[in-house]
Structures are given as structure tokens and as C-alpha cells.
Amino acid sequence: WEMSVETFDVVVAGGGPGGSTVAALVAMQGHRVLLLEKEVFPRYQIGESLLPSTVHGVCRLLGVTDELAAAKFPVKRGGTFRWGARPEPWTFSFAVSPRMTGPTSFAYQVERARFDEILLNNAKSKGVTVREGCSVTAVVEEGDRVTGLRYTDSDGGEHEVGARFVIDASGNKSRLHASVGGTREYSEFFRSLALFGYFENGKRLPEPYSGNILSVAFDSGWFWYIPLSDTLTSVGVVVRREMAEKIQGDREKAYNALIAECPLIAEYLSDARRVTTGNYGELRVRKDYSYHQTKFWRPGMILVGDAACFVDPVFSSGVHLATYSALLAARSINSVLAGDLDEKTAFDEFEGRYRREYGVFYEFLVSFYQMNVNEESYFWHAKKVTNNEHTEFESFVDLVGGVASGETALAASRLAERSAEFAGAVDQMAGGDDGDMVPLFKSHVVKQVMQEGGQVQMKAVLGEDAAPEEPVFPGGLVSSPDGMKWLPYRG
Ligand code: FAD
């Protein structure tokens with residue numbers, strides 16, 4: 001005889017921002033949720049620069065706004081870039097103009113060990129059963145449905161749990177994503193390698209932008225420079241994937257040589273000391289991080305966050321995509337559990353919106369890379385899109401197909417056009433720092449990338465008072481006034 005299998009409404013694999021967000025939003029509707037996390041928090045993670053829609057949209061719905069404010073994370077008003085044709089750095093602010101700084105036009109730079117712990121503890125306080133040190137090993141299936149998970153606890157004990165819905169939020173190293181069906185497609189265009197570490201006492205950008213991310217393009221790739229406290233800075237470099245062997249050989253030597261090759265970063269680090277002990281002491285490498293799964297759900301199972309897709313770190317979209325997809329998944333699951341919608345209608349809305357948002361960032365990031373074309377450099381030459389190259393974009397359109405609205409360009413010829421428009425808008429911002437942001441916000445790619453995030457923020461801030469929403473897809477669904485479920489559109 002066997003002990004009966006423990007059951008929940010929903011079981012979530014992974015307690016990063018994606019997992020803890022979806023778990024909390026489902027538990028807040030009174031459902032029984034189990035979250036299984038392999039590590040014991042706090043644990044290290046990369047992805048420290050956030051976007052406003054995470055902070056003011058999803059985190060407000062989660063009820064962690066005050067806690068985030070109390071954590072005193074550096075305030076990020078935007079990004080400062082040495083990138084494109086201009087030799088001097090220029091600044092992209094989340095506020096349309098420096099004179100119009102609104103209450104939601106900032107984000108935070110976060111130490112992920114602390115940020116992720118806040119979200120996971122919040123999930124616990126919202127009623128989620130959280131088990132740390134538990135590694136999920138496989139899904140349980142019955143016919144074409146996923147009906148549960150198997151996991152190993154910290155003592156090596158093996159368990160099975162049953163659930164109406166299983167969510168894979170276990171990140172890029174997910175062992176479950178393939179169970180959803182389809183394949184994980186890696187991007188050739190965004191195929192790079194990142195090498196990163198931490199410094200004490202690096203310089204800061206002048207106020208009011210000392211909390212900005214600084215991104216600097218140079219011949220071999222580009223650097224991120226993220227202030228994590230008054231004195232701690234995250235410094236990473238993105239280079240060609242082909243440099244893997246050389247970098248793995250002697251990380252320290254490669255890192256120092258790349259810093260020396262990039263004058264602005266070398267200058268910002270001239271009085272700084274690299275952290276060599278503790279969690280920040282290691283020089284880490286990540287590669288093959290740009291991919292998407294060709295399916296995002298099957299009956300009984302949904303992928304959120306890096307388990308489903310990630311593009312490229314240049315515009316800090318990872319935690320946004322993870323928390324936004326978690327919100328979409330929670331709405332779908334809450335609607336089905338309440339008996340409002342059938343699973344296919346609800347999950348197709350999830351997948352359509354998620355792919356569309358991913359597609360919008362994909363296009364935006366291609367445009368970003370287009371600005372820095374340097375024929376002499378292998379790295380930048382490979383990032384050049386022309387009309388007859390890069391079938392990757394065409395095949396990506398096929399996949400996003402019918403779901404991404406006609407708004408999204410994503411064909412090489414239109415991409416090149418939109419990219420030129422974007423680069424032009426950057427050039428129009430006279431004077432860099434205090435420039436007027438209007439031209440940038442008017443360009444197609446920026447408008448789109450700010451749009452859906454804006455909706456989520458608006459809903460969180462105004463709740464029932466938000467203007468009625470239009471469906472994203474013809475005949476599609478809209479979110480409920482409290483943002484927690486889907487409703488049919490009655491226009
Ligand atoms: P994760 O944060 O990876 O969380 C997954 C969790 O699942 C982990 O806690 C893990 O321990 C757990 N887990 C794994 N396997 C199992 C298992 N078998 N069982 C149970 N639990 C498991 N994003 C940004 O927003 N801003 C940035 O500046 C940024 N910079 C980046 C730089 C680089 C070089 C890279 C590669 C990524 C960057 N990202 C950035 C992306 C960001 O790291 C991710 O998109 C984000 O962490 C995804 O969140 P998630 O919740 O999906 O997954």
C-alpha cells in the first residue's frame with residue numbers, strides 16, 4: 001500500500017520572481033498553492049536592474065510596495081548609454097521629460113538575494129506553502145494532462161504531489177520545460193556570453209542619475225555597470241560566444257583585459273577594488289541565455305519566466321518578463337479555478353500576450369543593437385540586420401504569428417527601418433543628460449515597449465478607476481478591475 005498523494009490546486013517549481021509572483025497571486029484568490037524551491041533563500045542570482053512596470057505594477061498588486069521602499073534599493077530613473085553614433089553618453093529616463101517625473105517613473109537596482117527573498121516571504125504571508133531545499137525532478141502525467149510533480153527534499157526523500165495546475169518557474173536551467181512540448185529555440189542573433197563580478201567604491205554618475213544603469217558599448221561587446229548600494233557595483237561584460245574558451249581559461253585575466261579595453265568603465269573603476277570574498281567574490285559566466293520555447297502551455301501545465309524565454313540583458317527585461325508572465329498565468333489559472341473560463345481560452349490568452357510582450361522586447365533589443373554598427377568589430381558586425389539576412393526574424397514572426405498584432409515589425413526590412421527611426425530619435429535628444437525624451441517616446445519601438453507595462457501599472461495604481469481596457473487580440477479577453485482574473489470583453 002502507498003500513502004495517498006498530497007494535493008494542491010497549484011504547484012509551482014521555482015521561487016524566483018516568476019514563481020513567487022504567480023504563487024502569491026493565485027493564493028490571494030483563496031486557492032491552495034505549494035511552491036518548491038531547490039535552494040535555501042537568500043540565494044545569489046543575476047538580473048539586478050528592474051523596470052518600472054515590475055515595481056509599480058506587479059509588486060503593487062503583490063502588496064510589497066512599502067517593503068521595497070523600506071529596503072532602500074538604489075532608485076533607477078533610467079539608463080545612461082555610451083552607445084550608438086554619439087561619442088558622449090546619453091540618458092533614457094522613464095519620465096518623458098525631467099520636468100515631468102511622475103510617481104511611477106522609476107525602478108530599483110536590486111541585490112537579487114534580497115529582492116527575491118522579499119517576494120518569496122510575501123508569497124508565504126499570502127498563504128503559499130513554501131518548501132525550500134526541494135528539487136523538482138519531473139512532471140507527473142495522465143494521458144495528455146500534467147497532474148503533478150515529483151521532487152526530492154533536502155534529506156533525499158522522494159515525493160509526489162498532485163495539482164490541477166503545474167507551473168514551471170524554475171528558470172533557465174529548468175528540468176521541466178521540455179515536458180510542455182515543442183522545443184527550446186536558441187537565438188543566433190543574441191548569442192553572446194556574459195562575464196560578471198562586483199566592485200567596491202566604483203564611481204557614480206552625476207545626480208540625479210547616480211542610480212541609473214550605465215551601459216557602454218566598445219569594440220568587443222558592451223558593459224553593464226549597476227549601482228547596488230552607495231559603494232557596491234555590479235560590473236558585467238557581454239562578448240562573443242566564441243570567446244568562451246579563452247575566458248574560461250583565466251576569467252580574471254580576461255575580465256581585467258576587457259575593462260582595460262573600455263576607457264569609460266576603466267575610468268569609473270579607477271579607484272575601485274573588486275570584491276573577492278563571499279557571494280560577490282566569484283567571477284561568473286553565463287552563456288546561451290537567449291531562447292524561447294515554441295510552446296508555453298499544455299493541459300495542466302504553464303511555463304513562466306526564464307523557463308519559457310529570455311532575450312538579452314541590455315534593457316533589463318528579464319524580471320519584467322518573469323513577473324508579467326506570472327501575472328498573466330495567475331489571471332488564467334484564477335479564472336479557470338473560479339469556473340469562469342475553460343482552460344484553452346484562458347491559457348491561449350496567457351500565451352498570446354506573453355509572446356507578444358516577448359516579441360516587442362525582441363524587436364526593441366534588435367533596434368538597440370542596430371545603433372552600434374561597427375564594421376571593424378566581429379561582435380557588432382554580427383549584430384547587423386539587413387534585408388536579405390537573418391531568417392531568424394522571419395521564423396520568429398511565424399511563431400509569434402497571428403498572436404503578435406500587426407503592430408510588431410519583426411521582418412528584417414521593417415526592423416531595419418524601425419531601428420533607423422529609433423537611432424534618429426536618440427540623436428535628436430540634444431545635450432544628453434537633460435534632453436527632452438519626447439522624440440524617443442514617439443518612436444515605434446519605444447512606444448510599444450512602454451505600452452503594456454504602462455497598462456499594468458495603471459491598473460495597479462487606479463484599480464477599479466482605471467479606464468476600461470481593450471482586448472489585445474480581436475475577440476480576446478480583458479483583465480478584471482482588480483487585475484487578478486480575465487473577463488470576456490463587452491465593448
Ligand atoms: P530565476 O530567477 O532563475 O528563478 C528560478 C528559481 O528556480 C531559482 O531560485 C532556482 O533555484 C529554482 N530552481 C531551479 N531548478 C529547480 C528545481 N529543479 N526545483 C525547484 N526549484 C528550482 N533581468 C533583469 O530584469 N535585469 C537585468 O539587469 C538582468 N541582467 C541579466 C544579465 C545576464 C547575464 C543574464 C543571463 C540575465 C539577466 N537578467 C536580467 C535576466 C534575469 O536573470 C532573469 O530573467 C530572471 O531571474 C528570471 O526570473 P525567473 O523567476 O524566471 O527565474
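Helix α1. I listed the buried residues of α1 and found P17, G18, G19, S20, T21, V22, A23, A24, L25, V26 and A27. I count a residue as buried if 20 or more other C-beta atoms lie within 10 Å of its own, as exposed if 12 or fewer do, and as partly exposed in between, with C-beta atoms placed from the backbone. On that rule 11 of the 11 residues of α1 (residues 17-27) are buried, and the helix is mostly covered. Helices (H or I, at least four residues) and strands (E, at least two) are DSSP runs, numbered from the N terminus.

I then checked what the buried residues of α1 pack against: strands β1 (6-13), β2 (33-37) and β10 (158-168), and helices α2 (52-62), α4 (112-125) and α8 (318-337). Contact here requires C-beta atoms, placed from the backbone, within 7 Å.

Source notes. This is a predicted model, in which local features need pLDDT of at least 70 and side-chain atom pairs count only at pLDDT 80 or more, while totals for chains, interfaces and linings use all residues. Residues are numbered from 1 along each chain as its sequence is written.

Strand β12. I looked at residues 192-200 and found 7 of the 9 buried, so β12 is largely enclosed by the rest of the structure. I call two strands paired if DSSP finds at least two bridges between them. With β15 (residues 232-240), β12 pairs antiparallel over 9 bridges, and F196 stands opposite G236. With β17 (residues 284-287), β12 has 4 bridges, again antiparallel; L193 has K287 as its bridge partner there. With β16 (residues 273-274), the antiparallel pairing has 2 bridges, and F199 is partnered by R274.

Ligand shell. Which residues are closest to the ligand? I read off G16, G47, G171, G305 and G318, from 37 residues that surround the ligand. By class I have 13 nonpolar, 16 polar and 8 charged residues. Ala, Val, Leu, Ile, Met, Phe, Trp, Tyr, Cys and Pro count as nonpolar, Asp, Glu, Lys and Arg as charged, and the others, Gly among them, as polar.

G352. I placed G352 in helix α9 (residues 343-370). G352 counts as buried because it has 21 C-beta neighbours inside 10 Å. From G352 to G491 I have 139 residues in sequence and 20 Å in space, C-alpha to C-alpha.

Technical notes: Two residues are in contact if their C-beta atoms, placed from the backbone, lie within 7 Å. A residue is near a molecule or strand if its C-beta atom, placed from the backbone, lies within 6 Å of it.
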